[in-house]
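Open the model in your viewer and keep the selection tool at hand. The tour goes stop by stop.

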Amino acid sequence: MPEKKKSILKSILTCRCPRCHEGAMFLNANPYNLLQIEKMPPECPACGQDFVIEPGFFFGSTYISYALNVAWMIPSFLLLHFGLGVSLYHYWFFFAVTLLLLAPLIFRLSRSAWMHAFVRSNT
């Protein structure tokens with residue numbers, strides 16, 4: 001029976017290695033452990049893929065982070081302001097609070113997506 005092809009989207013969302021889709025990209029699975037939020041092993045524990053590709057490699061993940069923030073901001077604004085009639089003041093408060101809560105998740109998803117864009121999968 002052929003091996004089932006691993007989902008790249010699932011690998012990005014679960015922060016798994018872009019090459020083997022098995023090894024964890026972060027040392028601590030909890031993104032809300034803020035003292036260890038950015039700590040990554042130097043290589044994948046499952047396949048040995050180098051996670052330290054070059055100095056400053058993950059700087060590019062800020063573009064993905066920006067896109068994710070905008071993707072959250074625009075639909076929530078349209079729904080809250082035009083759909084439910086929430087004032088702009090209340091919307092900005094809502095937006096600030098939710099982005100503070102989502103920041104650790106967005107940080108990790110951005111890094112994961114950025115690395116998946118540059119490392120070829122072997123599945």
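By class, how many nonpolar, polar and charged residues are in the lining of the largest pocket? Keep that in mind while you select; note that this is a predicted model.

**Stop one: the pocket.** Select Leu 13, Thr 14, Cys 15, Arg 16, Ala 24, Met 25, Phe 26, Ala 29, Pro 31, Leu 105, Arg 108 and Leu 109, which line the largest pocket. Its volume is about 220 Å³. Colour the lining by class: 9 residues are nonpolar, 1 is polar and 2 are charged. Helix α3 gives the largest share of this lining, with 3 residues.

**Stop two: helix α3.** Select residues 88-118, the 31 residues of α3. Now centre on Leu 102, where α3 bends by about 50 degrees. Pro 104 follows within four residues.

**Stop three: a loop.** Move to Leu 34, in the loop between α1 (8-13) and α2 (61-83). Is Leu 34 buried or exposed? Leu 34 counts as exposed, because its relative accessibility is 57%, and exposed means over 50%.

**Stop four: a charged pair.** Side chains of opposite charge can pair when their charged atoms come close. Select Lys 39 and Glu 38: their side chains meet in a salt bridge, 3.9 Å from N to O. The count of salt bridges comes to 1. Lys 39 is partly exposed at 38% relative accessible area. Glu 38 is also partly exposed, at 35%.

Note on methods. Residues are numbered from 1 along each chain as its sequence is written. This is a predicted model: local features need pLDDT of at least 70, side-chain atom pairs count only at pLDDT 80 or more; totals for chains, interfaces and linings use all residues. Side-chain values use heavy atoms; hydrogens and water are left out. Helices (H or I, at least four residues) and strands (E, at least two) are DSSP runs, numbered from the N terminus. The expected span of a helix is 1.5 Å times one less than its number of residues. The bend at a residue is the angle between axes fitted to the seven residues ending there and the seven starting there. Buried means under 20% relative accessible area, exposed over 50%, partly exposed in between (1.4 Å probe, protein chains only). A salt bridge is a side-chain nitrogen of Lys or Arg within 4 Å of a carboxyl oxygen of Asp or Glu. On a 1 Å grid over the protein atoms alone, a cavity is a set of points where a 1.4 Å probe fits but cannot get out, and a pocket is an open set with protein on both sides within 12 Å along at least five of seven lines; lining residues have an atom within 4 Å of a point. Grid points are joined across faces, edges and corners, and a volume is the space filled by probe spheres set on the points. Ala, Val, Leu, Ile, Met, Phe, Trp, Tyr, Cys and Pro count as nonpolar, Asp, Glu, Lys and Arg as charged, and the others, Gly among them, as polar.
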